[in-house]
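The exercises below concern helix packing, ligand contacts and backbone geometry. Work through each task before reading its solution.

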Amino acid sequence: MVAILLGPPGVGKGTQGDRLVRALGWQKIATGDLLRAARREGTELGRKAQEYMEAGNLVPDELIVELVKEKLAALSPDTGVLFDGFPRTVPQAEALDAALPSVDRKVGVVILFDAPADVLHKRISGRRSSPDSGRVYNIYFDPPKVEGICDETGSALIHRDDDQPETVARRLEVYRKQTQPLVEYYDESQATLLRIDGDQEMSEVQGDLHAALAREAGIEVGEA
Ligand code: AMP
């Protein structure tokens, strides 16, 4: 099974995706995480991606498609795969459709999350993460006890450079222009498209997601 998480930045795809793969024993391929790792490691891909990411723009399709193909080839054939943040353009979706038959897979489910722009803006620009525990806070909705400091480890929280307010506006615009057309692409495909309201408490979003997966895709998610 191949499933795709679709939706604007800040809608909660990452959190829901992490929980889902844990509960199902699937693998997640999150292109944003892979690119950030490549930048930290200073690889050629990381260097090429840097300026696009800092500006809130998309990294060119060829680089992303190559990265994803590498990851797909390395997976064991019977593991379910959940894509987070990929595909983000119609050419990426077409490249995925073209690549999957060679690994004997196809896109089964596409999960679309959405929420109003003002909510997304606060969720992303308020996001701060702990470099060592990995815990993610939000200064508006889920602040640490002491401003700027991780409750668990005491280290200084990080504000991702592409989570700065100016870049957030650009990322939301890029989503509407370049990624939203994928809703129609998948609506017309053989895959099952699930629409989930992302403007709710995390637990409610998760409840809706599990119910929709069971009802429309026959996927029962147990407890993580
Ligand atoms: P994310 O963590 O998914 O929000 O991704 C962070 C940034 O990485 C994006 O703003 C893009 O610059 C880049 N990126 C991640 N995934 C893709 C993709 N599928 N296509 C193009 N750029 C991507």
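**Exercise 1.** How are α2 and α4 oriented to each other: roughly parallel, roughly antiparallel, roughly perpendicular or oblique?

Solution. The model is predicted, with local features needing pLDDT of at least 70 and side-chain atom pairs counting only at pLDDT 80 or more, while totals for chains, interfaces and linings use all residues. Residues are numbered from 1 along each chain as its sequence is written, and side-chain values use heavy atoms, leaving out hydrogens and water.

Step 1: locate the helices. α2 covers residues 31–41 and α4 covers residues 61–73; helices are DSSP runs (H or I, at least four residues) and strands are E runs of at least two, numbered from the N terminus.

Step 2: take the geometry. The axes of α2 and α4 are 11 Å apart, at an angle of about 100°. Axes are lines fitted to C-alpha atoms, for helices over the stretch in contact, and angles run from 0 to 180 degrees between N-to-C directions.

Step 3: classify. Angles under 35 degrees count as roughly parallel, over 145 as roughly antiparallel, 65 to 115 as roughly perpendicular and the rest as oblique. α2 and α4 are therefore roughly perpendicular to each other.

Step 4: list the contact (heavy atoms within 4.5 Å). Thr31, Leu34 and Leu35 of α2 meet Ile64, Leu67, Val68 and Lys71 of α4. By class, this contact of α2 with α4 has five nonpolar, one polar and one charged residues.

**Exercise 2.** Classify the packing of α6 with α7, then that of α1 with α9.

Solution. Step 1: the axes of α6 (residues 117–125) and α7 (residues 165–179) come within 10 Å and cross at roughly 135°. α6 and α7 are therefore oblique to each other. The α6 side of their contact includes Leu120 and Ile124, and the α7 side includes Val168 and Leu172.

Step 1: the axes of α1 (residues 13–24) and α9 (residues 202–217) come within 11 Å, crossing at roughly 55°. α1 and α9 are therefore oblique to each other as well. Thr15, Gln16, Arg19 and Leu20 of α1 meet residues of α9, among them Met202 and Val205.

**Exercise 3.** Which residues are closest to the ligand, and which atoms lie at polar-contact distance (a pair of N or O atoms within 3.5 Å)?

Solution. Step 1: 16 residues surround the ligand (a heavy atom within 4 Å). The closest are Thr31, Arg36, Asn57, Gly85 and Gln92.

Step 1: a ligand nitrogen is 2.8 Å from an N or O atom in the side chain of Thr31. A ligand oxygen is 2.9 Å from an N or O atom in the side chain of Arg36. A ligand nitrogen is 3.0 Å from a polar backbone atom of Val59.

**Exercise 4.** Where are the cis peptide bond and the positive phi?

Solution. Step 1: recall the reference case. Most residues other than glycine have a negative phi, and most peptide bonds are trans.

Step 1: Phe86 and Pro87 are joined by a cis peptide bond, with omega about -10°. Pro87 is in the loop between β3 (81–84) and α5 (90–99).

Step 2: Asp104 has a positive phi of about 60° although it is not a glycine. Asp104 lies in the loop between α5 and β4 (107–114).

Notes. Polar contact = N/O pair within 3.5 Å; in protein donor to acceptor, adjacent residues only side chain to side chain. Nonpolar A, V, L, I, M, F, W, Y, C, P; charged D, E, K, R; others polar.
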